Amino acid sequence: MTVAADSATGVASLVQSVDWLAIAPPVIAASVALLVLVADLFVGERHKPLLGYGAVAGLVAALATLLPLRAGDRSTFCLTGPTQACSYTADHFALVIQALVLGGALVTALLSVGDTRKLPAGEFWFLLLASAAGAALLPAARDLATLVVALEVASLPAFALVGIKRGDRRSSEAALKFFLSSVVATAVMLLGVSFVYAATGTMHLTEIAARLDDVPGRFATLAEAGVVLTLVGFAFKTAAAPFHFWVPDTYVGAPLPIAAYLSVVGKAVGFSGLILVTVIGFPSHADVWGPALAVLAALTMTIGNVAAVRQNATRARSAVRLLAWSSVGQAGYLLVPIAAAAYSSDAQIGSTVAYALMYAVVNLGAFAVAALVARTHPGNRLSDYRGLYATRPLAALAMGFFLLCLAGLPPGIIGLFAKVTVFSSAVDAGLGWLAVVMAVNVVIALYYYLQWTAALFRSPEGDTKAQAEPPATKHLVPAPLTLAIVLTAVAGITLSGAPQLILRFAAVSLF
C-alpha cells in the first residue's frame, strides 16, 4: 500500500501546471508563423502582401502580451521537489530582451512588407516569425536544454532567410558561411553543455550554480572544460572576435531587412544566452570567464572598428559592409559589462542591456535608411549617400542622427549615455586597461561615423561615381518602410530627450 501511495505521489509530482500567460509571447509568434504558412497555400499571388501584414499583426500581439507580465514575477515548468527550479522564468531580464527581439522583428517585418516580391512570401514570413519565437523564448530559459533548443529555433530559420534569394550566388554563399560557422558553434557548445551536465548532474542553471561550488575533484577539470567550451559556443553566436569572420559576407549576401534582423535580434539572442550561462549558471567560475570575456571584448571592438575604417566608399555594398563591421565593434562594447560582472556584481548586466536597447533602436534605423537608399541605388555604396540631404532631407537627417548615436555624439545623447554606462562598468570593476582600450576604439569609430554623416550633407557635385551612372529615378517610398524609419527615429529622439533613463536602467538589478 505504501509503495502504491509513493508511486501515485511520484506520478502526481510530474504533472505541472502551465502558466499560459507567461509563455504567451513566444507561443503567439510561433502560432502566427504556422497560420501564415498554411494561409500561403490558399492565398493568390495578388494577395500575398496580406501575409506580411498578418505577420506584423502577430508580432504586435506578441508585444502586447508583455504588458500584463511587467511585474516580472511569473515562472512555469518548475520542478515540484524542494529545489523549486524552473525552466521558464518571465523576470525583468526576460521581458526586456523579449521586448527588444520582438520589436526588432517587427521593424524587420515593416522593412520587408512590399519588398518580398521576388521572394517566396509564405516561407519568408514563416521563417521570420519562427526565428522571432525562438529569440523570445531564449531569455526566459533557465535550463541548458531549453536554452540550446531556443537558440537553435532562433538560428535555423535565419540560415534559410539569409539564402532565400534563389539564384543569387552571393546569398547562397552567405547562407553557407553562416550555416557552417553556426553548426560549429552549436557542436562546441553542446560538448560544453554535456561536460557541465556530467559534472553537476543537472540542467537547471540555478542548480548548476550551486553544484559547481562543490564538484568532486575528479570532475573539476571536466567542469572547467565545460564552462570554457560553452563560452566559446556563445562567442560564435555573439560575433565576438576571433569568431566573427562570418559577419561581413553574411550581412552583404542576405536581404537587407534580414541583415538588420541579424545585427540586432541575432546579437540580442547571443548576448542574452551568454549572460544567462555566465551570471546565473557559472558564477563560481568567474575567474575563468571574466578575464576571457575581457580579452574578447578588447579584441572584438578593435578588429571591428579598424576593419570599418578601411572600407572603400566606392565598393559595391560598402555601406552594408561598414554596418556589419560596426556591429562587430559594438559587440565588443556589449561584452564589457558582462566581463565586469565577474569582478564586481550582477548589477553590471544592466549596462549591457541598456546599451543593447540603444543599439537596437538606432541600428535598425540606420538599416531602414539603407533600405530606402537601396531602392534607387542597388549597389548601396557609401558614395551613394553623398548629397542625400538634397534629394531626401528627412531621411538624411534621420541617418545622421542614427550615426551620431552610434558614435556617442550630440544630438545623439542616448548613444553618449549608453557608452558612459559601459565605460563606468569597466572602471567600477577595476578593469582600467579595458576602459582605455574602449576609449581608443570610440575615437577610431568617430572617424568613419562622422565621415559618413558629413557625406550626407555634401554637395553631390564632383562625385565621380554619381557622374559615371545615370541619375536614378525617384521611387515612391512604401508606407511600412517610412513607418520603420519614423518609429526608430522617434524612439531615438525620445530616449535622447530623457537620457537619465539609461543610467537608471543600468543601475537596476534585472534578476
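**Notes on the predicted model**

1. Helix H14 first: 24 of its 26 residues are buried, so the rest of the structure largely encloses it. Buried here is under 20% relative accessible area, exposed is over 50% and partly exposed lies in between, with a 1.4 Å probe and protein chains only. Helices are DSSP runs (H or I, at least four residues), strands likewise (E, at least two), numbered from the N terminus.

2. Housekeeping: this is a predicted model, where local features need pLDDT of at least 70, side-chain atom pairs count only at pLDDT 80 or more, and totals for chains, interfaces and linings use all residues. Residues are numbered from 1 along each chain as its sequence is written, and side-chain values use heavy atoms, leaving out hydrogens and water.

3. Strand E2 (residues 86-90) has five of its five residues buried, so it too is largely enclosed by the rest of the structure. E2 runs antiparallel to strand E1 (residues 74-78), joined by four bridges; pairing takes at least two DSSP bridges. Within this pair, threonine 76 sits opposite tyrosine 88 of E2.

4. Where is proline 68? Look in the loop between helix H3 (49-64) and E1. Proline 68 counts as partly exposed because its relative accessibility is 45%. Its C-alpha atom is 48 Å from that of arginine 458, 390 residues apart along the chain.
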